[in-house]
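Please read the points alongside the coordinates.

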Amino acid sequence: MSHQFELNQSNRSLRFPVIVMAGIVCTVIAAYAFAACGDRNPDQARANEPVGSTTSTTVPVSTGGTEKPVTFEMADSAYRGRRYDDATVLFKTYTESRPNNAWGFYMLGLSAWKSGDREQAERAFVQALTLDSTQVKSHLNLSRVLLEAGQPDSALVHIEAAIALDSTSSEPLRLQGRAFEAQGKTDDAIVAYSRAIVKNDSDTWAMNNLGALYIRLERFEDAIGPLARANEIEDKVATFHNNLGMALELTGRYQQSVEQYRAALAIEGTYGKAVSNLQRVELVKQDPSITAVDLTERSKQFQDQISKW
């Protein structure tokens, strides 16, 4: 049995289904956990390695009573190994000896951000940009830090700088969408995500973010296309399956949503969002009048839309 639940958010009345099972009312949307931005992957954010003498610089550092030289490669190896606390210490030591090396500060910023120290990350990225204001990656990752800190206005300054410096990439447009979304400018966010996808029709995170935003705006059917396409391109990302599952569930297609939540858990067995969503919906009986959606066809329709944007 399905009812409607009213949720006021930002002075807007949202209507979401409530599932009644065995006398227990479950507010569906309240249990959802979006993972929209999703582009915090170290491999996506990583810089190109500096070249020339920069990589061979050594810095004496005390380790276990002996001095051991810190090279860029050593610190970078810790970062690649996702030992972000170690990488932060090593890059901090490295930049103290090489205060004019913008890439060293960039990697310090990345390492600190990944280790959870946003303040040090922000200082490092700012210093990198002080040394080289054309460093697009520092603009982009500083904007990510600022978005996480709830400062979309400041983030937009660096996003716009990145757009001006690199007109070929979809990444700054995707981040622009996130910033607009944080400001409550949902129409502008949709335009930014769309521009990112036009720029790069394989930008799966822009598609994911667009689909998740459509869900927030109750445009559940619209959300299926970009999320189906994201999964079609890159089917090993748990977030994409989880969010597609939400779009399917909110259109009453419970059986297909269960498939997507299970696909997310097959990729990442401890993914809490998918666990909660699956537990909520796997025993719900689907209305037989609601037909399954052809995800391949929805993906194709979405691709056709892109060509007209």
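Phe72, Phe91 and Tyr94 come together as one aromatic cluster. The model is a predicted one, and the structure contains eight aromatic pairs as well as 14 salt bridges.

**Aromatic pairs**

- Phe72 and Tyr94 make an edge-to-face aromatic pair, with 5.6 Å from centre to centre and 75° between the planes.
- Because Phe72 belongs to helix α3 (residues 72-80) and Tyr94 to helix α4 (residues 84-97), this pair ties together parts that are 22 residues apart in sequence.
- Phe72 counts as buried at 2% relative accessibility, and Tyr94 is buried with a relative accessible area of 0%.
- The ring centres of Tyr106 and Phe125 lie 5.8 Å apart with the planes at 50°, so this pair is classed as tilted.
- Tyr106 in helix α5 (residues 102-114) and Phe125 in helix α6 (residues 118-131) are 19 residues apart, and their pair links distant parts of the chain.
- Tyr106 is buried at a relative accessible area of 0%, and Phe125 counts as buried at 0% relative accessibility.

**A charge over a ring**

- Lys114 is placed over the face of Trp113, at 4.5 Å from the ring centre.

**Salt bridges**

- Asp86 and Arg83 meet through their side chains in a salt bridge with an N to O distance of 3.1 Å; Asp86 is partly exposed, with a relative accessible area of 40%, and Arg83 counts as partly exposed at 41% relative accessibility.
- Arg174 and Asp203 form a salt bridge at 3.2 Å, N to O, which links distant parts of the chain, since Arg174 lies in helix α9 (residues 171-182) and Asp203 in the loop between α10 (186-199) and α11, 29 residues apart; both Arg174 and Asp203 are buried.
- Glu181 and Arg216 form a salt bridge at 2.9 Å, N to O, and because Glu181 lies in helix α9 and Arg216 in helix α11, the pair ties together parts that are 35 residues apart in sequence.
- Glu181 counts as buried at 18% relative accessibility, whereas Arg216 is partly exposed, with a relative accessible area of 28%.

**Helix α11**

- At 1.5 Å a residue, the 13 residues of helix α11 (residues 204-216) should span 18 Å, which agrees with the 18 Å between its end C-alpha atoms.
- Twelve of the 13 residues of α11 are buried, so the helix is largely enclosed by the rest of the structure; the buried residues include Trp205, Leu210 and Tyr214.
- Glu218, which follows α11, has a positive phi near 65°.

Terms used
Residues are numbered from 1 along each chain as its sequence is written. This is a predicted model: local features need pLDDT of at least 70, side-chain atom pairs count only at pLDDT 80 or more; totals for chains, interfaces and linings use all residues. Side-chain values use heavy atoms; hydrogens and water are left out. Helices (H or I, at least four residues) and strands (E, at least two) are DSSP runs, numbered from the N terminus. The expected span of a helix is 1.5 Å times one less than its number of residues. Buried means under 20% relative accessible area, exposed over 50%, partly exposed in between (1.4 Å probe, protein chains only). Rings of Phe, Tyr and Trp (its six-membered ring) pair if their centres lie within 6.5 Å; planes under 30 degrees apart count as stacked, over 60 as edge-to-face and the rest as tilted. A charge sits over a ring if NZ of Lys or CZ of Arg is within 6 Å of the ring centre and within 35 degrees of the ring normal. A salt bridge is a side-chain nitrogen of Lys or Arg within 4 Å of a carboxyl oxygen of Asp or Glu.
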